[in-house]
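Hello,

I am handing over the structure we talked about, and my notes follow it. Could you read them with the model open beside you?

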Amino acid sequence: DGGFDCVIGNPPYVSAPTQIESNKLRIQRDYLVQCGKYHHLYQKWDLYIPFMEKALSILKSGGIYSQIVPYPFTNQTYAKLMRKLILEKYHLLEIADLKEWKVFKSATVTNCIPIIKKEIGDGEVAISHTIDEKGHIDKSFEKSIEELVIDEKNNVWNLEQKELSTNKHTDLHVLGDFCYISIGMVLNADEKTAKGKFKKEDLISESFDDIHCKKYIEAKDCTRYSINRIRYLEYGTKRCPSKIRRPTFPEWYLIPKLFVNRIGRLSAILNINDQLLHNDSIIGLCLWKDLKGVDNKSISASIQKYSRFKRNEMEALSEQISLHYLLAILNSTYASHLLTIQRGGDYHIYPEHIRHLPIPIAPKAEMDELSLYAKEQLKQHAAIKEVKLDSDAKLIQNAIAALDSKIDKLVFKIYGLSKDEIDALQNNE
């Protein structure tokens with residue numbers, strides 16, 4: 001009789017890389033693209049996206065949809081066509097924001113529950129949260145569609161009550177204009193060539209030897225401005241890198257770069273001389289100029305998908321800034337604020353978030369000053385690991401805090417923030 005009164009469920013969460021690396025899932029993914037039934041699959045879509053489209057399509061007029069899906073649905077680029085469909089062809093009644101509640105005990109993913117009616121409507125959207133330790137959900141506040149959508153180009157949704165805006169700094173370059181950005185290795189055995197033959201832990205050693213010959217880090221080994229532990233990775237053997245799931249390209253590890261964490265508050269570190277290998281818990285950034293002459297499918301695909309400039313133009317742009325300048329910005333209060341806007345309250349950090357952070361080309365004197373502060377931070381964070389007396393540690397902590405304050409003050413100036421904007425930002429911290 002025209003469709004179902006309601007559709008509820010828990011669709012599968014399977015990322016694009018996982019689908020592509022599995023033969024069966026890759027065949028399924030190709031079919032979903034080519035069958036002509038799904039029109040809102042975009043870039044690196046997760047498998048729950050076609051489930052959402054299917055569920056909405058089989059509703060009757062006035063029917064209600066509700067499924068629990070990953071929270072990144074609200075802000076990730078791959079879901080922007082689905083978000084656009086919902087706002088244009090359906091009535092978004094409510095979203096339960098569950099990012100503070102661990103719904104699935106064994107999963108790291110955060111969740112939300114959109115509740116959608118099959119009718120065109122643009123009334124207030126209720127934002128709900130868990131209200132007690134048992135996970136009961138109730139409405140917290142309402143938003144208009146105009147308040148919900150904070151980035152019309154990518155249809156990013158803001159489920160926070162406080163106002164966020166991506167419209168400021170639209171005239172600036174973004175970090176991806178200056179840097180090639182990529183996650184690191186996935187060290188498990190490749191599904192096609194070595195399925196089940198080894199795990200990540202089998203490749204890592206606490207000490208250097210002829211087999212474990214490459215310095216290696218993960219996000220848990222790092223804090224802002226500081227690498228706290230280095231282990232050693234098996235490399236140049238029959239297993240690694242040739243049979244790991246994601247080897248990356250070798251030139252990536254030979255050049256200076258920044259490392260950024262992928263969960264929690266934004267934190268950046270600098271690696272210039274150590275040629276550290278890293279896994280996919282870390283996002284790496286190198287200046288385009290340092291990749292000059294290196295060409296492969298990963299770089300070409302990145303430029304084609306994400307870049308608004310030609311490669312030679314980005315190489316020229318990257319000549320104008322330094323990694324120390326970017327290090328100071330990424331560890332500033334304002335960069336954390338900009339990231340919050342990008343990810344809409346989620347605690348995961350994706351390469352797309354980092355790629356789209358606005359970055360000004362400031363006057364040289366200001367960029368040099370900010371770079372000097374970053375270099376001093378590196379010295380202080382290295383020094384605090386060596387002290388033995390609490391009194392000495394306290395002195396260094398005070399120096400670090402003073403440097404943070406100087407960096408924030410200069411970053412606010414470089415981004416052109418008004419006193420009212422600075423006060424509002426600091427009050428929200």
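Four strands form an open sheet in the order S11-S22-S19-S20, with antiparallel pairing. Strands here are DSSP runs of E with at least two residues, helices are runs of H or I with at least four, and both are numbered from the N terminus. Two strands count as paired if DSSP finds at least two bridges between them. At the edges sit strand S11 (179–183) and strand S20 (268–271), each pairing on one side only. From one strand to the next, the twist averages 25°, with axes taken as lines fitted to C-alpha atoms (for helices, over the stretch in contact) and angles running from 0 to 180 degrees between N-to-C directions. Strand S19 (residues 257–261) runs antiparallel to S20, and four bridges join them. One detail to look up: Val260 has Ala268 in S20 as its bridge partner.

Please keep in mind that this is a predicted model: local features need pLDDT of at least 70, side-chain atom pairs count only at pLDDT 80 or more, and totals for chains, interfaces and linings use all residues. Residues are numbered from 1 along each chain as its sequence is written, and side-chain values use heavy atoms, with hydrogens and water left out.

Now to the aromatic rings. Rings of Phe, Tyr and Trp (its six-membered ring) pair if their centres lie within 6.5 Å; planes under 30 degrees apart are stacked, over 60 edge-to-face, and the rest tilted. The count by this rule is 12 aromatic pairs. One of them is Tyr48 with Phe73, edge-to-face at 6.5 Å centre to centre and 75° between the planes. This pair links distant parts of the chain, 25 residues apart: Tyr48 is in helix H3 (residues 48–57), and Phe73 is in the loop between strand S3 (69–70) and helix H4 (80–89).

Tyr48 also pairs with Tyr78: the centres are 6.2 Å apart and the planes at 75°, so this pair is edge-to-face. Tyr78 lies in the loop between S3 and H4, 30 residues from Tyr48. Buried means under 20% relative accessible area, exposed over 50%, and partly exposed in between (1.4 Å probe, protein chains only). Tyr48 counts as buried because its relative accessibility is 0%, and Tyr78 is buried at 14%. Ring pairs link Tyr13, Tyr48, Phe73, Tyr78, Phe104 and Trp157 into a cluster.

Finally, two charges sit over rings (NZ of Lys or CZ of Arg within 6 Å of the ring centre and within 35 degrees of the ring normal). Arg29 lies over the face of Trp45, 3.9 Å from the ring centre, and Lys257 lies over that of Trp252 at 4.9 Å.

Best wishes
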